[in-house]
Amino acid sequence: MAISDSKDRSRRSAAVAPVTRSSKPAGAASGGQPVVEFRGVSKHYDGGDVGLDQATFSVVRGEFVFLVGSTGSGKSTVMRLLIKELDATEGTIRVAGHDLEEIARKRVPYYRRNIGVVFQDFKLLPNRTVYDNVAYALQVTGSSRKEIRNKVPDILRMTGLSTKLHNYPDQLSGGEQQRVSIARAFVNHPPLLLADEPTGNLDPETSIDIMRLLYRINRAGTTVLVATHDQAMVDKMRRRVIELSRGRIVRDEATGLYARDETTREFAHRMRGDGTRPPGV
Ligand SMILES: Nc1ncnc2c1ncn2[C@@H]1O[C@H](COP(=O)(O)OP(=O)(O)O)[C@@H](O)[C@H]1O
Ligand SMILES: [Mg+2]
């Protein structure tokens with residue numbers, strides 16, 4: 001489906017002309033191609049709870065965006081609408097130009113292949129090793145055994161898990177389990193990665209490592225949307241912030257001020273916040 005083409009375009013253009021790092025709100029107006037567009041989107045749950053109330057925003061290719069707000073403000077509702085686990089009550093949602101309302105139920109699994117999803121509670125398969133948890137994501141999308149043999153070690157190296165291939169999830173720390181879940185979400189190199197409270201179960205130091213990994217994924221060209229209520233982390237990251245309160249967008253601002261060509265090492269160093277330059281820079 002066409003959204004897969006946009007993945008390829010996104011990777012190509014990321015290599016040729018890196019997307020601007022000064023992520024601006026109202027993405028479409030800043031000139032980039034919108035990957036996510038919400039226009040007047042509301043979600044009313046059965047029973048009357050309002051999940052989302054007239055939300056309008058867009059996210060352009062290559063952006064890293066935080067979705068913040070207290071518990072119950074609607075962050076997960078946005079994520080679940082994006083993976084079409086829920087349908088909007090009103091308004092229009094487009095992903096890579098596709099109106100989600102027009103995607104037939106039976107096409108939803110194909111649509112979801114374009115989106116990596118990371119959850120607070122990891123959602124790993126407990127009876128499979130690290131290697132098999134990641135391989136499984138490729139199996140279900142029809143990759144050949146050769147592809148799996150090539151891709152899994154690569155992604156596990158990128159996520160720092162090469163020595164844990166044969167471990168089961170209960171033999172890993174929380175941070176390592178979240179790395180596996182990120183490896184699984186990213187192994188197909190989706191154009192869009194969603195993370196719903198990815199550091200919610202982790203200590204601050206481990207959370208920085210997880211954010212560093214998401215930052216690397218973003219730098220490689222993937223658009224990243226992270227829901228969190230970790231205000232300290234958001235302040236340090238200095239990325240665009242969309243804030244929800246009772247389903248309404250109450251703030252949408254670029255929080256720039258970070259080095260344009262910051263490496264992930266410099267990034268991690270800044271996040272740890274001792275103010276000195278990283279060794280060797
Ligand atoms: N399945 C559901 N059924 C009914 N109400 C729900 C459901 N999921 C979420 N809600 C309600 O929608 C609102 C937004 O929830 P949610 O999107 O989960 O917020 P957040 O992720 O920011 O904590 C809350 O009032 C919540 O109670
Ligand atoms: Mg939530």
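This is a predicted model: local features need pLDDT of at least 70, side-chain atom pairs count only at pLDDT 80 or more; totals for chains, interfaces and linings use all residues.

User: OK. How many helices and strands are there in the protein?
Analyst: The protein has nine helices and 10 strands. Both are DSSP runs numbered from the N terminus: helices are H or I with at least four residues, strands are E with at least two.

User: And what share of the residues counts as buried?
Analyst: 40% of the 281 residues. Buried means 20 or more other C-beta atoms within 10 Å of the residue's own; exposed means 12 or fewer, and partly exposed is in between, with C-beta atoms placed from the backbone.

User: Let's do helices. At what angle do helix 6 and helix 7 pack?
Analyst: About 15 degrees, with the axes 10 Å apart. Helix 6 covers residues 174–186 and helix 7 covers residues 204–219. Axes are lines fitted to C-alpha atoms, for helices over the stretch in contact, and angles run from 0 to 180 degrees between N-to-C directions.

User: What do you call that arrangement?
Analyst: Helix 6 and helix 7 are therefore roughly parallel. The classes are: under 35 degrees roughly parallel, over 145 roughly antiparallel, 65 to 115 roughly perpendicular, and the rest oblique.

User: Which residues meet there?
Analyst: From helix 6, they include Gln-178, Ile-182 and Phe-186; from helix 7, Ile-210, Leu-213 and Ile-217 are among them. By class, the contact has five nonpolar, four polar and two charged residues. Ala, Val, Leu, Ile, Met, Phe, Trp, Tyr, Cys and Pro count as nonpolar, Asp, Glu, Lys and Arg as charged, and the others, Gly among them, as polar.

User: Next, how do helix 4 and helix 5 cross?
Analyst: At roughly 130 degrees, with axes that come within 10 Å. That makes helix 4 oblique to helix 5. Their contact has nine nonpolar, one polar and two charged residues.

User: And helix 4 with helix 6, roughly parallel or oblique?
Analyst: Their axes cross at roughly 25 degrees and come within 8 Å. The pair is therefore roughly parallel. Val-130, Asn-133, Val-134 and Ala-137 in helix 4 meet Val-180, Ala-183 and Arg-184 in helix 6. That contact divides into five nonpolar, one polar and one charged residue.

User: Switching topic. Which residues touch the most other members of the largest nonpolar core?
Analyst: Leu-67, Val-134, Ala-183, Leu-194 and Leu-214, out of 64 residues in that core. Helix 7 gives the largest share, seven residues. A nonpolar core is a set of buried Ala, Val, Leu, Ile, Met, Phe, Trp, Tyr and Cys residues joined through C-beta atoms within 7 Å.

User: What does Leu-194 touch?
Analyst: Met-79, Leu-82, Ile-115, Val-117 and Leu-225, leaving aside neighbours within four places in sequence.

User: Tell me about Leu-225. Buried or exposed?
Analyst: Leu-225 counts as buried because 24 C-beta neighbours lie inside 10 Å. Leu-225 sits in strand 8, residues 223–228. Beyond four places in sequence, its contacts include Val-36, Val-59 and Leu-67.

User: And Ser-76?
Analyst: Ser-76 is in helix 2, residues 75–82. With 19 C-beta neighbours inside 10 Å, Ser-76 counts as partly exposed. Its C-alpha atom is 9.6 Å from that of Thr-228, 152 residues apart along the chain.

User: Last one. Which value does phi take in Lys-123?
Analyst: Phi of Lys-123 is near 55 degrees, which is positive in a residue other than glycine. Most residues other than glycine have a negative phi. Lys-123 is in the loop between strand 6 and helix 4.

Definitions and conventions: Residues are numbered from 1 along each chain as its sequence is written. Chains are lettered from A and ligands numbered from 1 in the order in which they are written. Two residues are in contact if their C-beta atoms, placed from the backbone, lie within 7 Å.
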